[in-house]
Amino acid sequence: MNPGPRAAKPAHFDVDRLIDDRRIRIVVTCGSGGVGKTTTAAAIALRAAERGRRAVVLTIDPARRLAQSMGLSELDNTPRAVKGVDAAAGGSLDAMMLDMKRTFDEVVEDHTTPDRAKQILANPFYQALSSSFAGTQEYMAMEKLGQLRARSDWDLIVVDTPPARSALDFLDAPERLGSFLDGRLIRLLGGTARAGGRTYLKVLHAGFNVVTSALTKVLGGELLRDVSTFVNALDTMFGGFRERAEQTYALLKRPETAFIVVAAPEHDALREASYFVDRLGRDAMPLAGLVLNRVHASSAAGIGAEQAVAAAERLESDEGGSHALTAALLRLHADRLKLAARDERIGERFSGSHPEVPVTRIPALAGDVHDLDGLRQIGALFDAG
């Protein structure tokens, strides 16, 4: 990001207006690691629930911060009601964490017969694919989002994605995993298994490394039998994978979806945010705004940083030493003002590159957020930012 000329102050990102808009059904938060993205997603979901929305928050990040902040001992693949939510406005809040393997199993169980599902779930090739194939987690997040959206239990889904570049995988996953599971490759595997070892060697030497990461889990004398059983059991079940993925991807581009980028006033975090904003623009994804988190605020009243330092130096030169505490407080005040000025400059650099992106600033809090009251405090700051 080039700093360029001093940018005009960006438009305020009104988070309350967004979550009060009943036409918005999906909110996707994204950003780099360590910027408070999970906390922001939880705060948005809680505030929406307490303003009358029937909300569910889905985290793809395996960290347990979301469960802890909502007073839950754990989160899993089933939405769980969050207790302690003020339901006076008629809203509710559920929370869940994506279980990649379980979601894949559910897809199998929902799209084939019980006997065939049992065969597939027990197959070593399937177990390798569903547990470790690159992109499976992000693809299953798309599957789960589609499942949640198809239900009528909630009118708002808040998705907490992994850190930024992994969140880009979330957008790319349908195409990548769909390519792996499309009919041509399934036919290739089936033909390989039926033709025996000679064809297998030809395919291997022709560039079969596209599935090496999955196949290494089951390489050995049983490979061909496992692949044959897997393909025969699948039949045409995976025919709908790409179609469903494309439907969910299209859903993310519709006006009912809003992407929120979360960043901290740090160069690396805002560089990631800028990268993500550019990517959303290229893909025509609906970006709502930027939440600039943990901003050091400066008070308009009082003395400036240079004046505070000068006053501290005068007091420290006093031979009596009776003003040491006052001098220390003045230096602390000066440090906070310098941090606030630095945060303002870094924020202006982002806005100079992306003047069209509305921004809300969340002040840095004294401690970590670990309960609903802390999430409510964050939510209240959305309106003040």
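User: Before we start, what should I know about the numbering and the model?
Analyst: Residues are numbered from 1 along each chain as its sequence is written, and side-chain values use heavy atoms, with hydrogens and water left out. This is a predicted model, where local features need pLDDT of at least 70 and side-chain atom pairs count only at pLDDT 80 or more, while totals for chains, interfaces and linings use all residues.

User: How many helices and strands are there?
Analyst: The chain has 17 helices and 8 strands. Both are DSSP runs numbered from the N terminus: helices are H or I with at least four residues, strands are E with at least two.

User: What makes the sheet open, and which strands stand at the edges?
Analyst: The 8 strands line up in the order 3-4-2-5-1-6-7-8, with mixed pairing. Two strands pair if DSSP finds at least two bridges between them. Strand 3 (80-81) and strand 8 each have a single partner strand, so one side of each is left without a neighbour in the sheet.

User: How do you know that strand 3 pairs with strand 4?
Analyst: There are 2 bridges between strand 3 and strand 4 (residues 92-97), and the cut-off is at least two, so they count as a pair. The two run antiparallel, and Arg80 sits opposite Ala95 in strand 4.

User: And what are the neighbours of strand 7?
Analyst: On one side, 5 bridges link strand 7 to strand 6 (residues 257-263), running parallel; Val262 has Val291 as its bridge partner there. The chain gets from strand 6 to strand 7 through helix 14 (residues 267-282), in a right-handed β-α-β crossover. Right-handed here means that, with the strands pointing away from the viewer, the path from the first strand over the helix to the second runs clockwise. Strand 7 is also joined to strand 8 (residues 359-363) by 4 bridges, again parallel, and Leu292 stands opposite Arg361 in strand 8.

User: Why is strand 7 called largely enclosed?
Analyst: Buried means under 20% relative accessible area, exposed means over 50%, and partly exposed is in between (1.4 Å probe, protein chains only). In strand 7 (residues 287-295), 7 of the 9 residues are buried, so the rest of the structure largely encloses it. For the chain, 49% of the 385 residues count as buried.

User: Why is the Arg22 and Asp155 pair called a salt bridge?
Analyst: The term asks for a side-chain nitrogen of Lys or Arg within 4 Å of a carboxyl oxygen of Asp or Glu. Arg22 and Asp155 come to 3.2 Å, N to O, so by that cut-off they qualify. Arg22 is in the loop between helix 1 (15-20) and strand 1 (26-31), and Asp155 in the loop between helix 7 (136-150) and strand 5 (156-163), so the pair ties together parts 133 residues apart in sequence.

User: What makes a group of residues a nonpolar core?
Analyst: Its members are buried Ala, Val, Leu, Ile, Met, Phe, Trp, Tyr and Cys residues joined through side-chain atoms within 4.5 Å. The largest core has 42 residues, and Leu18, Val57, Met70, Val82, Leu93, Val158 and Ile260 touch the most other members. Helix 2 (residues 37-50) gives the largest share, 8 residues. Apart from this core lies another, of 35 residues, including Leu145, Leu148, Leu252 and Phe259.
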